[in-house]
Amino acid sequence: MDKLKEKWSEVLDIIEREVTAVSFDIWFKNLKPFDVSGDLITLEAVSTSAKAQITKNYSNLLIYAINKIFPDIKNFDIIDQEEKANFEKNRNIQQKEEPKIVRENPFNKKYTFDNFVVGKSNQFVYAAAKRVAEDLGVKFNPFFIYGGVGLGKTHILHAIGNYCIENYPSLNVCYVTSNKFTNDYITSLTSGGKELNLNFREKYRNVDVLMIDDIQFLENKQSTQEEFFHTFNDLYQANKQIIIASDRNPKELTGLTDRLISRFQSGLIQDIQSPDFETRLAILRKKAQLEHYKISEEALVMIAEKIDSNIRELEGFLQKVCFYSQLLGKDETTASDVTDSLKEVVEQNKKAEPDTILSCICKYYNIKKDDLIGKKKTKEIVEPRQIAMYLMTEILPDLPLVSIGEIFGGRDHTTVIHARDKITENLKINSDLKTQINDLKTLINDNNF
Ligand code: ADP
Ligand code: MG
């Protein structure tokens with residue numbers, strides 16, 4: 001909660017930039033986080049009128065700002081002081097009377113089968129996922145989904161999860177990213193010896209459905225893979241359903257042991273592809289309807305035409321353009337708003353992306369930006385620097401090599417070419433490097449919208 005309060009000021013900073021100083025002082029300055037549960041944040045307003053004003057006039061702005069700082073939070077609720085007092089009274093009573101454990105639904109409520117738009121690119125994944133959910137542990141076990149970033153893998157896993165919670169409330173359904181699984185495993189090893197290790201096993205081997213997302217991050221983590229292999233076998237033998245998502249086909253996961261890959265290949269493997277124009281448009285219509293955006297059909301068509309990379313970007317752009325036109329007081333977002341925002345995105349990307357790449361590299365290797373772009377020649381710095389140059393040429397093919405050299409303290413463009421070629425060559429033989437590059441691409445992508 002303390003951390004929440006600390007980060008709340010960042011939400012207020014965003015809002016402060018978007019509203020007049022007076023509105024900010026009256027309505028937002030004293031708005032505070034009160035509680036978080038699942039993807040819902042409850043906020044506390046000083047007065048009933050502040051609550052009413054914010055809900056009526058600023059709810060899109062508020063959710064936009066909250067979502068920027070807390071990506072997992074999707075909804076908010078505001079309570080005034082009287083409601084707060086009642087809430088706390090009830091909470092005290094509940095805590096005293098029945099300390100019972102309520103199994104929280106850990107799944108994003110918006111990621112359901114109903115909200116998943118089906119088109120040519122994902123119809124097989126969708127059909128298979130529904131069959132898996134209806135017939136757990138029977139037909140397709142394990143069920144392996146793979147495809148590029150932002151194409152709906154996590155959405156499908158959550159849809160299965162939501163379906164299970166609704167239809168089989170007594171089942172223990174576990175969703176975990178492979179990074180979380182790794183961290184849990186490492187914690188169990190380092191912080192308490194045998195007992196905690198047993199806790200870890202109990203947690204993962206007592207589930208009825210295990211979903212593991214982004215399995216590619218287990219590449220080259222030998223002992224975690226070993227542990228996962230045993231978890232997998234235990235669950236499989238007990239006919240428990242296992243569902244896995246990955247950015248690649250199992251046979252391309254070269255950093256995983258052969259025995260794991262062959263386990264994955266023994267079930268159903270289904271890929272998910274980039275959506276075609278019709279599916280993109282249908283997704284935009286669905287999102288606009290779910291979020292109550294007022295936007296013209298022409299504007300939706302234009303977005304669907306222009307943004308064809310992935311669905312996460314499509315959605316991010318829709319949110320942004322609707323938010324800005326609403327800020328300008330327009331009743332409906334039109335094609336000309338889309339044109340303006342597209343120009344802005346191109347401009348911003350030109351400036352923002354090299355910076356995002358640099359900061360992700362610094363975060364990943366735990367080094368300082370000044371060192372990364374500076375003159376140091378130690379191994380800890382030189383390799384990340386070459387990787388940064390390589391990633392810039394890969395991710396920003398239109399950025400001239402001379403400009404990349406400039407970013408790195410005015411180095412010559414031949415240095416950039418050398419770095420790019422060296423990393424390209426190393427990638428062919430060094431699977432650890434491949435994992436690092438893949439991790440970084442995901443990190444950069446996640447930081448970009
Ligand atoms: P991935 O896990 O493949 O990187 P996500 O599942 O996180 O991608 O999807 C990114 C965003 O796109 C999510 O907000 C998700 O709801 C949305 N999305 C993806 N596919 C669809 C679809 N077919 N219909 C509706 N929304 C989708
Ligand atoms: Mg995902």
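**Packing and sheet order**

Mentor: Let us begin with a single side chain in this predicted model. Beyond its neighbours within four places in sequence, Phe-28 is in contact with Leu-12, Ile-15, Val-19, Ser-23, Ile-54, Tyr-58 and Leu-62.

Trainee: Which members of the largest nonpolar core touch the most other members?

Mentor: A nonpolar core is a set of buried residues joined through side-chain atoms within 4.5 Å. Here the largest one has 29 residues, and those touching the most other members are Trp-8, Ile-15, Phe-28, Leu-31, Leu-43, Leu-62 and Ile-66. Two or more residues each come from helix H1 (2-18), helix H2 (21-28), strand E2 (40-44), helix H3 (48-57), helix H4 (59-69) and strand E3 (75-79).

Trainee: Which element gives the most to this core?

Mentor: H4 does, with 7 residues. Another core lies apart from this one; it has 25 residues, including Leu-358, Met-389, Ile-404 and Phe-408.

Trainee: How should I read a sheet, and what is the strand order of the open sheet of 5 strands?

Mentor: In general, strands of a sheet pair through backbone hydrogen bonds, either parallel or antiparallel. In this open sheet the order is E5-E6-E7-E4-E8, and the pairing is parallel.

Trainee: Why is one side of E5 and of E8 left without a neighbour in the sheet?

Mentor: Strand E5 (173-177) and strand E8 (268-271) stand at the edges and each has a single partner strand, so one side of each lacks a neighbour there. On average, neighbouring strands of this sheet are turned by 15° against each other, direction ignored.

Trainee: Over how many bridges do E5 and E6 pair?

Mentor: E5 and strand E6 (residues 209-213) pair over 5 bridges, in the parallel sense. Within E6, Met-211 stands opposite Tyr-175.

Notes: Residues are numbered from 1 along each chain as its sequence is written. Chains are lettered from A and ligands numbered from 1 in the order in which they are written. This is a predicted model: local features need pLDDT of at least 70, side-chain atom pairs count only at pLDDT 80 or more; totals for chains, interfaces and linings use all residues. Side-chain values use heavy atoms; hydrogens and water are left out. Buried means under 20% relative accessible area, exposed over 50%, partly exposed in between (1.4 Å probe, protein chains only). Helices (H or I, at least four residues) and strands (E, at least two) are DSSP runs, numbered from the N terminus. Contact means heavy atoms within 4.5 Å. Two strands pair if DSSP finds at least two bridges between them. Axes are lines fitted to C-alpha atoms, for helices over the stretch in contact, and angles run from 0 to 180 degrees between N-to-C directions.
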